[in-house]
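User: I would like to learn how to read helix packing, cores and loops in a model of this kind. Could we go through the features one at a time, with the general idea first and the case after it?

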Amino acid sequence: MKTVERPMKTLFNTAHIYMIIGLIAGFYYREITKVEHFTGQSQLGVVHTHVLALGMLFFLIVLALEKQFTLSARKSLYGWFFWLYNIGLAITIAAMTLHGTLTVLGKSSGEAIALGAGVGHILLTVGLILFFITLGKSIDDSRTPRTAAVFAEQEAS
């Protein structure tokens, strides 16, 4: 049986964690609005889909692209993309959840939550830019078949 390379396992686990968080977010939204008898609009209504789309689905797509183009061979670019994107998504999800919860509870959210959401979106944007740079370079390199080890050797020199 062939073993899964570490970056692919990490991408799978990341997608899986976002799936779990997305399902919990949907459950939380349903239950808190029921308990509070809230019928209006809040950020909580879209946290579920944001986590599933920007977390689970995105990382499943990255997993397929990793299999095809070995994105992780570009260690520095890939690492920066992976961590900035995840940190940005975590901050964005936290800000949305906090803002939505306060809305449901009838309280206003302050400037700090808006600032957090802004920082989260900026990090997501930088992560996406790095992802596309990494993907573009990996596609260019895929024209010449080579293994990740050969690529890493060439990148080091």
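**Helix packing and its surroundings**

Analyst: Helix H2 (residues 44-69) and helix H4 (residues 111-141) pack with their axes 11 Å apart and at an angle of about 25 degrees. Axes here are lines fitted to C-alpha atoms, for helices over the stretch in contact, and angles run from 0 to 180 degrees between N-to-C directions. Angles under 35 degrees count as roughly parallel, over 145 as roughly antiparallel, 65 to 115 as roughly perpendicular and the rest as oblique, so H2 is roughly parallel to H4. This is a predicted model, in which local features need pLDDT of at least 70 and side-chain atom pairs count only at pLDDT 80 or more, while totals for chains, interfaces and linings use all residues. Residues are numbered from 1 along each chain as its sequence is written, and side-chain values use heavy atoms, with hydrogens and water left out.

User: What is the handedness of the crossing of H2 and H4, and which residues make the contact?

Analyst: A crossing is left-handed if the near helix is turned anticlockwise from the far one by less than a right angle, and right-handed if clockwise; H2 passes H4 in a left-handed crossing. With contact meaning heavy atoms within 4.5 Å, H2 contributes Phe58, Val62, Leu65 and Phe69, and H4 contributes Leu128, Phe131, Leu135, Ser138 and Ile139. Ala, Val, Leu, Ile, Met, Phe, Trp, Tyr, Cys and Pro count as nonpolar, Asp, Glu, Lys and Arg as charged, and the others, Gly among them, as polar; the contact of H2 with H4 then has 8 nonpolar residues, 1 polar and no charged.

User: How do H1 and H2 cross?

Analyst: The axes of H1 and H2 come within 8 Å and cross at roughly 165 degrees, which means that H1 is roughly antiparallel to H2. Their crossing is left-handed, and the contact of H1 with H2 divides into 22 nonpolar, 6 polar and 2 charged residues.

User: How are the helices themselves assigned, and how many are there in the protein chain?

Analyst: Helices (H or I, at least four residues) and strands (E, at least two) are DSSP runs, numbered from the N terminus. The protein chain has 5 helices and 0 strands, in the pattern α-α-α-α-α along the sequence.

User: Which residues have the most contacts inside the largest nonpolar core?

Analyst: A nonpolar core is a set of buried Ala, Val, Leu, Ile, Met, Phe, Trp, Tyr and Cys residues joined through side-chain atoms within 4.5 Å, where buried means under 20% relative accessible area, exposed over 50% and partly exposed in between (1.4 Å probe, protein chains only). The largest such core has 27 residues, and Phe59, Val62 and Phe81 have the most contacts inside it. Helix H1 (6-35), H2, helix H3 (75-104) and H4 each supply at least two residues of this core. Apart from its neighbours within four places in sequence, Phe81 is in contact with Phe58, Phe59, Val62, Gly127, Leu130 and Phe131.

User: In the loop between H1 and H2, is Ser42 buried or exposed, and what about His37?

Analyst: Ser42, in the loop between H1 and H2, has a relative accessible area of 15% and is therefore buried. Leaving aside neighbours within four places in sequence, Ser42 is in contact with Tyr29, Gly100, Thr103 and Val104. His37, in the loop between H1 and H2, counts as exposed at 72% relative accessibility, and its phi is near 55 degrees, a positive value in a residue other than glycine.
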